[in-house]
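Reader: I would like to learn how to read side-chain contacts, a core and an aromatic pair in a model. Where do we begin?

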Amino acid sequence: MKDPDRIVSLTARRLDCPLREAFAISGGTQSVARNLLVSLRLADGTVGWGECAPFPAFNGETQGGTLSAIESLRPRVLGRRIGEARAIAGELAGRLPERACARAGIEIALVDAWS
């Protein structure tokens, strides 16, 4: 197998989780956690999973905006080697510093695939 440690796909999908009780902070309340499930696949078939939890009342990030940010970062991740996970994370932080949720979902998937 050629380059089994290359990242060949990065996807994110909506993961809406109804809460038993509404979660409230001073900035707002939500009754559904509108998260994202991130998957990253290597050429050898290994899959890493990540999740991120944008919460507008806390960090101003939304599910839709976070999904768009992940999609915009895809070209920066595809084709890279999983052993570059730390460098990839640093590059993503420099590219979209205001999108912590998107970066977290990708970074968790990177570490999961790497481990």
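Author: We begin with one residue and its surroundings. Leaving aside neighbours within four places in sequence, R80 is in contact with D5, R6, I7, A87, I88 and E91. Keep in mind that this is a predicted model.

Reader: Where is R80 found?

Author: R80 lies in the loop between α2 and α3.

Reader: Does R80 count as buried or exposed?

Author: The cut-off for buried is under 20% relative accessible area. R80 has 15% relative accessibility, so it counts as buried.

Reader: Which backbone oxygen does the side chain of R80 reach?

Author: The side chain of R80 reaches the backbone oxygen of R76, at 3.3 Å.

Reader: Now the core. How many residues does the largest nonpolar core have?

Author: The largest nonpolar core has 23 residues. Those with the most contacts inside it are I7, L40, I70, V77, I106 and L110. Two or more residues each are given to this core by β1, β2 (28-42), α2 (63-77), α3 (85-95) and α4 (100-114). The largest share, 6 residues, comes from α4.

Reader: Take V77 from that list. With which residues is V77 in contact, leaving aside its neighbours within four places in sequence?

Author: V77 is in contact with I7, L10, L40, I88, L92 and I106.

Reader: Next, the strands. In which sense do β1 and β2 pair?

Author: The general idea first: in a regular strand the side chains alternate between the two faces of the sheet. In this model, β1 and β2 pair in the antiparallel sense over 14 bridges. The two strands form a hairpin with 2 residues between them. As one example of a bridge, A24 has T29 in β2 as its partner.

Reader: And aromatic pairs: how many does a search of the whole structure find?

Author: A pair of aromatic rings is described by the distance of the centres and the angle of the planes. The search of the whole structure finds 1 aromatic pair. The ring centres of F23 and F55 are 5.5 Å apart and the planes are at 55°, so this pair is tilted.

Reader: Which parts of the chain does the pair link?

Author: The pair links distant parts, 32 residues apart: F23 is in strand β1 (residues 7-25), and F55 is in the loop between β3 (47-52) and α1 (56-59).

Reader: What does the accessibility of each ring residue say?

Author: F23, at 42% relative accessibility, counts as partly exposed. F55, at 9%, counts as buried.

Key
Residues numbered from 1 in each chain as written. Predicted model: local features only at pLDDT ≥ 70, side-chain atom pairs only at ≥ 80, totals over all residues. Heavy atoms only, no water. Phe/Tyr/Trp six-rings, centres within 6.5 Å; stacked < 30°, edge-to-face > 60°. Helix = DSSP H or I, 4+ residues; strand = E, 2+ residues; numbered from the N terminus. Buried < 20%, exposed > 50% of the residue type's maximum accessible area, 1.4 Å probe, protein only. Core = buried A, V, L, I, M, F, W, Y, C linked by side-chain atoms within 4.5 Å. Contact = heavy atoms within 4.5 Å. Polar contact = N/O pair within 3.5 Å; in protein donor to acceptor, adjacent residues only side chain to side chain. Pairing = 2+ DSSP bridges.
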